[in-house]
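This tour goes from one selection to the next in the viewer. Please load the model and follow the stops in order.

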Amino acid sequence: MTVIDEVTEADDEEKPVAVKVEGVENGEQKTSEEEEHNNIDLTDPDTEMVSEDELPAENSSKEPLDTEAVSDEELPTASADLPETEAVSEDELPPESSEKKKKQKETADVDKDKEVESTTVTSTTVENGKGVKRKLSEGDDANAADTDAATKKEEAPAKKIATDKTTAKQPVKTSKLPELDKYWKAVKDDSSDFTGWTYLLQYVDQENDIDAAREAYDAFLSHYPYCYGYWRKYADYEKRKGNKKKSEEVFERGLKAIPLSVDLWIHYLNYCKATYPLEEDFIRAQFQKALDACGLEFRSDRLWESFIKWEAEGKHVHNVTQLYDKLLAIPTQAYTTHFDSFVEHVSNNQPSKVLGVDEFLTLRGEVLQVLKQYDTPISTTGTSEGPPGDDDAPPGEESAEADAKKADEETTALRERIIAIRRKVHKNTVVAVAARFPFEEGIKRPYFHVKPLERCQLKNWKDYLDYEIEQGDKDRIVTLFERCLIACALYEEFWIRYLRYLEERAPELKEKISDVYERACTIHHKKKPYLHLYWAVWEESQGNIPKAREILANLDKNIPGSMQVAYRRINLERRAACYEECANLYEHFIANSKSRLITNNLVIKYARFCWKSLNNIDRAVSILKKALEKDLENPRLYLQLIDMAMQRSPVVESEVLEVIDQFISLEGADMEQILMFAQRKVEFLEDFGSDIKRLQKASEEFRRYLKQVKEKKKRLSEIETKTTTKTDDVPTKKGKTTSDSSPATTTVSGAGGAAAAGGVGGASTGGGTYPPYSNPPPTAGGAYGQQGGGYGASVQPPYGQQQPPYGASYNQSGDPNYYQNWNYSQPNYSYSNQGWGNYYNY
């Protein structure tokens with residue numbers, strides 16, 4: 001069997017491989033066919049097939065295995081022609097690692113084995129079809145083959161080294177660009193540095209590091225998603241790098257972030273037309289998405305015109321008419337141009353193509369009735385290409401001309417009728433444009449920028465919104481709000497107004513409302529409490545408790561120490577019946593509070609929560625007593641303890657008296673506060689006491705404290721008088737009156753009172769400042785038994801009035817409510833003290 005026969009048989013299984021040897025220097029090639037031409041006997045049994053492994057590798061990237069021994073015929077005749085292939089000793093080569101030497105030795109062994117196999121006379125087809133072996137010529141001897149093999153063995157290390165050097169020369173991707181950290185540092189130090197971001201993007205855009213560019217673009221657009229120009233640059237950058245799929249993803253993200261950007265839509269549609277020129281349905285769907293997103297925008301003319309032009313180029317005349325029907329009803333900037341273009345469109349096309357079949361037949365019937373031509377049979381199919389009536393024209397030129405004239409009249413009348421119907425719509429559009437044009441002229445910056453807007457432009461937006469809301473078109477109102485938020489994205493008031501409108505007049509748009517909250521709070525106003533609080537309320541009202549919890553937790557991180565946020569978080573958990581988490585939050589905020597007044601407020605609220613929600617009054621009392629260890633002279637805590645003791649049924653007399661006596665016995669307590677607690681003791685014993693002697697003793701203590709307070713005020717008054725006399729002729733500054741001489745009122749609030757915690761105001765005791773005791777204004781009656789723990793307010797005699805002896809208190813001619821002055825004003829620590837945020841009003 002000849003080698004040609006073997007090759008032919010191999011065709012049934014795999015492709016034959018042409019046996020080819022390239023000349024190293026002069027590029028000479030010899031194939032098996034050329035050997036046959038030179039009268040080489042290919043069927044000589046003394047020769048053998050040469051495998052393709054012994055030929056030069058076609059793919060330079062693979063491991064070089066093309067250094068096997070070949071016959072002398074395959075080499076140039078003169079060795080001087082191959083100076084670069086002469087043998088090189090190991091000493092002349094660069095030092096290599098032991099691993100490389102080991103590989104070279106293995107390669108040489110493989111070459112030697114293949115040389116031994118080449119001396120066999122058996123013709124063989126190489127496995128897997130990788131190549132065919134070629135026979136040696138009869139004139140070749142073993143010595144020539146050995147010499148050639150030795151030469152190739154010496155050439156193998158040199159080629160291996162050259163390959164290693166080539167691999168080493170391939171560019172290695174650096175982790176970072178040289179100046180990248182400097183640009184990043186500027187924006188990381190101040191993420192609102194818009195100019196710093198632009199420098200960063202310019203730098204990465206001109207460098208060849210796609211990962212760095214993506215990171216920079218993604219970071220910038222997460223802060224400023226309304227910068228449509230950078231979405232376009234990002235998509236173009238990916239396109240230049242050959243990342244088609246990535247470019248489309250960037251377009252999709254950008255159009256979702258700013259769907260009202262006409263420029264970005266047009267850029268994307270141009271990309272679609274260039275990338276998918278034959279997919280009309282896909283391109284038309286993208287155009288339709290663009291119109292749904294921003295077709296109502298006052299400055300969307302270019303988008304409409306682009307769609308109409310594309311449909312006209314495709315000869316879709318009826319589709320063009322449908323687009324004009326929508327466009328002519330929308331007030332846009334180029335409304336006049338659009339109507340003129342529509343008139344031209346109708347004039348240049350047959351009415352049967354301009355209109356749909358149903359509308360065409362209806363209008364044609366109306367026109368024929370006007371022309372009174374029902375007596376002449378005329379085709380009503382409306383699908384013929386020629387003028388109406390051609391199919392029924394009788395022979396003869398005169399009749400054809402008459403019918404053609406009638407057909408022209410009919411076509412002219414149809415066109416006029418089509419235009420007349422649209423002209424009515426156009427007139428309404430003219431009125432709408434005239435009403436909106438003054439507002440549109442006042443918009444000097446319709447795009448987003450970090451620079452503040454002028455007051456006149458802000459007022460113009462407000463007036464424009466007022467006008468559009470009065471018109472009542474929800475789609476146009478939403479579109480205008482979205483336009484406004486692009487230019488006024490950094491103004492919180494416009495976001496709040498938009499949300500208020502959606503919640504009040506479009507509550508069905510739940511996904512839209514959540515999306516607006518998401519954009520406002522996570523992108524443009526991350527640290528504005530109003531929006532976050534409203535967002536949490538909205539999510540909770542929709543039953544999304546986890547989301548509301550997450551919103552308030554993030555706000556608490558951004559605005560640490562805000563009691564408004566703390567109360568919202570606590571009460572959210574309480575409404576969700578997560579009492580354990582509610583208690584944990586109370587303890588967390590108490591432990592991290594830096595103000596004694598706030599700490600006491602939280603402690604009192606926590607105690608009331610345990611009392612009323614958990615129905616664990618003992619735990620509530622222990623919380624208050626623990627707080628007293630840190631603020632021993634705080635009268636508010638004592639009053640809360642009294643309040644809780646009074647709510648027990650039956651009332652434990654000893655518990656109430658113990659709390660009162662504990663405060664009265666304080667050495668550093670303010671005298672007027674002691675007087676107040678002494679009066680309360682008398683009142684309590686009068687109503688609930690069981691021992692008359694104890695009541696008499698308490699009454700005597702009260703009169704003693706009252707005398708001490710009066711003497712103290714008298715001394716202060718004398719000192720003040722002397723000071724005033726000495727400084728009559730000297731200009732004086734207004735001095736601050738002491739807490740002992742300035743009247744104030746104190747109350748104990750109930751559980752549902754606005755004061756939240758109840759107790760005495762701020763006489764200077766311990767760490768806080770509380771208002772001193774004085775006469776409260778007369779109020780309606782009430783006593784101990786009020787729900788929520790507030791002691792009843794009643795009329796009190798003048799402060800300086802001498803209290804009668806105990807026995808006289810039973811005289812019914814006196815005031816029976818004399819001892820029931822339990823009104824204490826609290827420091828204003830309600831929600832209104834924060835100055836922002838409530839559950840109801842924006």
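At what angle do helix H24 and helix H26 pack, and how far apart are their axes? This is a predicted model, in which local features need pLDDT of at least 70, side-chain atom pairs count only at pLDDT 80 or more, and totals for chains, interfaces and linings use all residues. Residues are numbered from 1 along each chain as its sequence is written, and side-chain values use heavy atoms, with hydrogens and water left out.

**Stop 1: H24 and H26**

Select residues 563-575 for H24 and 596-613 for H26; the two helices pack at about 10°, with axes 13 Å apart. Helices here are DSSP runs (H or I, at least four residues), numbered from the N terminus. Axes are lines fitted to C-alpha atoms over the stretch in contact, and angles run from 0 to 180 degrees between N-to-C directions. H24 is therefore roughly parallel to H26 (angles under 35 degrees).

Now show side chains. From H24, Met563, Tyr567 and Arg574 meet Ile598, Asn601, Leu602, Lys605, Phe609 and Ser613 of H26 (contact means heavy atoms within 4.5 Å).

**Stop 2: two loops**

Select Ala577, in the loop between H24 and helix H25 (579-592). Ala577 is not a glycine, yet its phi is positive, about 65°. Next select Asn615, in the loop between H26 and helix H27 (617-630); Asn615 also has a positive phi, about 55°. Most residues other than glycine have a negative phi, and most peptide bonds are trans.

**Stop 3: a cis peptide bond**

Go to Pro650, in the loop between helix H28 (635-646) and helix H29 (653-664). The peptide bond joining Ser649 and Pro650 is cis, with omega about 0°.

**Stop 4: H6 and H8**

Select H6 (residues 194-206) and H8 (residues 228-240), which pack at about 15° with axes 12 Å apart. These two helices are therefore roughly parallel to each other. Thr198, Leu201, Val204 and Asp205 in H6 meet Tyr230, Tyr237 and Arg240 in H8.

**Stop 5**

Terms used. Angles under 35 degrees count as roughly parallel, over 145 as roughly antiparallel, 65 to 115 as roughly perpendicular and the rest as oblique.
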